[in-house]
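Take a look at the model below.

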Amino acid sequence: MWKTNLKVMMVGVGVIGFYTVVARIIPQLQSDVPESIDLSSGVTPEVLTAAGETLYSGAGGCTACHGLGTRAPNLLTDHAGEGTIGQRCGEREPGVDCKTYLHNSLVDPGSYLVDGFTPIMPDASRQLSNDQLWAIVAFLQSQGGDVTVTAADVGSGETASGAGAAGGAGAAGGGTFSATTDPGQLLTENACIACHAIDGAGPPIGPSFDGVGSRLSAAEIRASILDPNATVSEGFEQFAGTMPTTFGQQLSAQQLEAIVQFLAERR
Amino acid sequence: MIDFLPVIQAAGEGAAAYGDFPGVGGRGAVWIAAEVHLMFAAFVLGVPMFAVITELIGIVVKDERYDKLSKEFTRLLVFAYSATALWGGLLLFFLTTLYPRFWGHLAEIFSLSMWIYAGLFFIESFTLYLYYYGWDRWSVGRAKWGHWGLGILLNVWGTTVMFIANGWLTYMMSPPEGTTVQGLPEGVGLWAALANATWMPINIHRLIANAVFGGAIVAAYAAYRFLSSTDPKERAHYDWMGYVGTFIAISTFIVLPFAGYWLGREIYEYNQQMGITMMGGFMSWLWIVQAILIGVLFLAANYYLWTGMGRIPGAERFQPYTKWMLLVLVVCWIAWGTPNTMIASRAEFAAMGGNRHPFLGVLGVMSAKNTAVNIMILTTFLSFMMYRRANKRPTVTWAKTGSLVQTLMFAGAAIVVLFYGVYGYFVPTIVRIGFSVYQVLAVLACIIGVTVIDVLLLRGAESRGEIRWGEMPERSQYAIFVLAVTFTWLMGLMGFARSGIRQHWHVWEVMRDTSDQAFTPALGYAANMISVCVVIFLALVAFIFWLGGLAERGISKKAHPMAAAMPAGAPAAPEA
């Protein structure tokens with residue numbers, strides 16, 4: 001009897017082990033969360049391009065179709081003798097410059113459908129924030145062309161697709177309820193005033209916002225939002241660990257900066 | 001002070017969006033609890049389907065063997081039910097403590113359906129107990145039909161419970177348009193959230209998959225009992241039971257891909273990006289692993305049928321063909337398992353002249369894969385027809401013509417599949433995709449047509465000899481174990497695919513996963529988790545099987561006090 005049990009067990013373990021080994025020896029691809037771009041230090045074309053490259057070949061999911069030559073046009077290599085995407089983007093549509101063409105192609109993919117392909121691409125603003133979209137535009141421009149995306153483009157959420165940009169910011173925020181940059185609204189929406197007093201009113205779970213600008217620099221305020229447990233204010237040790245550590249993911253760069261500037265001015 | 005209460009609560013909620021679990025983390029804990037619960041749920045939903053079908057056959061053909069088989073299925077259910085509920089409870093506790101924000105969101109929308117779910121679960125449990133414990137009391141006449149009605153009710157409750165739970169999980173994949181983290185948009189109710197875009201395809205897919213899974217596990221139970229027994233009568237019974245379980249598992253499995261196509265199409269229609277992530281994005285290699293698993297399933301199923309033909313008089317005439325069928329299966333398996341594009345270094349790309357291998361790359365495209373899988377289905381169906389025809393000699397006047405038409409149907413289907421497979425290389429992608437429909441239709445038409453002719457052809461057929469149930473080589477039973485383990489692992493793999501395509505979203509494009517485990521892991525990590533789940537599930541199932549045997553020994557000793565004293569291998573009347 002024990003022989004039968006042993007044989008059955010060996011067959012089971014052998015089969016499970018075989019599948020596990022097969023799944024482990026094939027290429028290991030992980031799907032990462034799209035990185036948010038920090039605009040606090042002033043974005044440069046190089047920063048945008050680098051961030052765009054990461055998104056393009058990673059969480060943006062672009063390579064699932066672009067580059068195989070079957071589902072969507074090649075972007076990083078020649079397509080139909082027109083060169084790489086940076087070389088051809090300015091020539092694709094009369095009167096439409098390169099970066100507008102690329103941005104529109106991301107937020108309204110059906111608008112410039114390339115001959116020979118079907119309209120299968122989704123609106124990228126449903127997955128990516130406005131910053132991330134412009135980063136991808138910058139990266140694509142860098143493929144054989146000049147990067148003309150600037151901090152002003154990134155900052156103007158209404159540039160090519162107001163709805164798309166707003167949706168993207170909301171999506172990137174996840175827990176964020178809107179794309180607003182109004183600091184008062186942001187402090188309410190993100191429940192900051194549930195713990196921090198402002199204008200003399202509110203609970204004393206976290207340090208008061210009144211006079212915070214005289215106690216902390218803008219950089220320190222930003223750091224304490226992004227990593228609230230790094231430094232605990234004197235007198236609030238008992239509430240250490242209460243503040244969520246997810247605001248870096250929830251807030252867009254503009255929203256974060258709006259809150260930082262607002263608080264830094266409260267002296 | 002009163003004003004502070006909601007404030008403190010809000011602060012607490014903010015801090016506890018995610019909990020942690022030692023060792024495997026929150027995601028790992030939920031993964032294991034959900035997967036093992038799902039495996040048990042599939043078992044307790046799949047087995048009642050056979051129970052009522054085999055009980056009905058027993059009533060209609062007045063063969064007690066079927067009734068005994070049905071009751072044996074149901075005895076396993078009683079034990080498996082507790083395990084399902086325990087793992088479901090564990091999953092609920094994990095979700096509420098490790099993902100409170102997400103669980104709060106689900107509860108906000110689905111609370112009413114959750115209460116109904118719990119209520120139905122109670123009703124289902126009581127129906128099962130009535131069904132099992134009333135078996136001998138309601139065994140004749142009208143009472144037997146009433147008992148069978150309880151079996152039907154058991155299936156109805158179980159299927160409804162599954163449909164409700166499917167509504168929750170498919171909502172995570174395809175929430176109604178306009179849904180936000182605060183809830184459903186105005187004017188959209190609970191029903192719309194439950195009956196979302198991927199709900200019915202998942203319902204149908206799971207219904208069929210449960211039948212496959214239930215069949216495979218029941219067959220494994222029979223195989224174990226076969227191997228453990230030295231009593232020829234018992235071995236004959238479990239040989240037959242293993243065959244029935246395997247037959248149901250394989251025949252329903254052949255239909256499963258069509259439900260899978262429907263689900264895939266709905267996913268693409270709901271969101272192209274989700275579909276592309278599933279089939280062409282970071283998950284594309286998952287389908288290579290799936291191809292390897294399904295190849296093993298086909299090989300094991302055919303091997304079981306071929307060895308089974310050894311106990312059927314007249315099957316010798318088919319033996320010479322099996323080696324060629326094996327060759328066809330292996331070639332198709334290799335083609336199906338060939339990746340489309342290679343992940344390689346720059347030097348390797350340069351050597352290959354692109355991201356596709358100059359020779360193997362041809363096999364990696366959809367034309368070759370669709371052709372391979374359809375030929376494998378046809379080959380397996382041919383094995384089954386050989387098995388079915390082995391000990392029969394048709395007596396109808398049109399027997400030769402009928403057999404010729406059947407042969408032509410096989411040949412015709414194979415030609416259609418091969419033709420479109422080759423032609424697919426010379427047409428654009430969008431045209432090529434449509435070819436798979438013709439290939440599938442040709443195979444389905446062949447299966448239906450050949451089966452119908454066969455049923456008519458074998459009416460009043462002469463027997464070349466009775467099947468010698470129980471005289472099965474032991475190695476054939478290990479093929480059944482390979483099938484059961486592979487089906488279980490495949491279920492875990494497909495669960496990862498379905499859940500993983502949401503990537504870093506709890507609810508697709510509505511609620512983002514902001515935890516440190518928001519990334520979707522690579523297949524290697526997923527394989528480890530799947531294997532852990534499979535080992536836990538199979539270990540518990542083995543325990544349940546052991547309990548089943550223990551209970552039966554107790555019953556048989558009470559019913560037949562002399563049975564225990566009888567020597568093993570005592571002469572017994574053949575069952576079949």
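Some conventions come first. Residues are numbered from 1 along each chain as its sequence is written, while chains are lettered from A and ligands numbered from 1 in the order in which they are written. Because the model is predicted, local features need pLDDT of at least 70 and side-chain atom pairs count only at pLDDT 80 or more, whereas totals for chains, interfaces and linings use all residues.

Begin with confidence in chain A. The pLDDT (the predictor's confidence in each residue, from 0 to 100) averages 76 over chain A, and 78% of the residues score at least 70. Helices here are DSSP runs of H or I with at least four residues, strands are runs of E with at least two, and both are numbered from the N terminus. Helix H1 (residues 2-25) of chain A has the highest confidence in that chain, at a mean of 93. Helix H7 (residues 162-173) of chain A has the lowest, at 31. Across residues 158-177 of chain A the pLDDT is below 50. Beyond near neighbours in sequence, this stretch still has 59 contacts in the model. Two residues are in contact if their C-beta atoms, placed from the backbone, lie within 7 Å.

Now turn to the cores. A residue counts as buried if 20 or more other C-beta atoms lie within 10 Å of its own, as exposed if 12 or fewer do, and as partly exposed in between; C-beta atoms are placed from the backbone. A nonpolar core is a set of buried Ala, Val, Leu, Ile, Met, Phe, Trp, Tyr and Cys residues joined through C-beta atoms within 7 Å. The largest has 166 residues. Those with the most contacts inside it include Ala216(B), Ala220(B) and Leu483(B). H2(B) gives the most to this core, with 20 residues. Ala220(B) touches Ile480(B), Phe481(B) and Ala484(B), leaving aside residues up to four places away in sequence. A second, separate core has 27 residues, among them Cys98(A) and Val137(A).

Finally, some single residues. Which loop holds Lys62(B)? Lys62(B) sits between helix H2 (25-61) and helix H3 (64-98) of chain B. Its phi is near 55 degrees, a positive value in a residue other than glycine. Lys62(B) is exposed, because 9 other C-beta atoms lie within 10 Å.

Glu509(B) also has a positive phi, near 60 degrees. Its loop runs between strand E3 (505-507) and strand E4 (511-512) of chain B. Glu509(B) is buried, with 21 other C-beta atoms within 10 Å.
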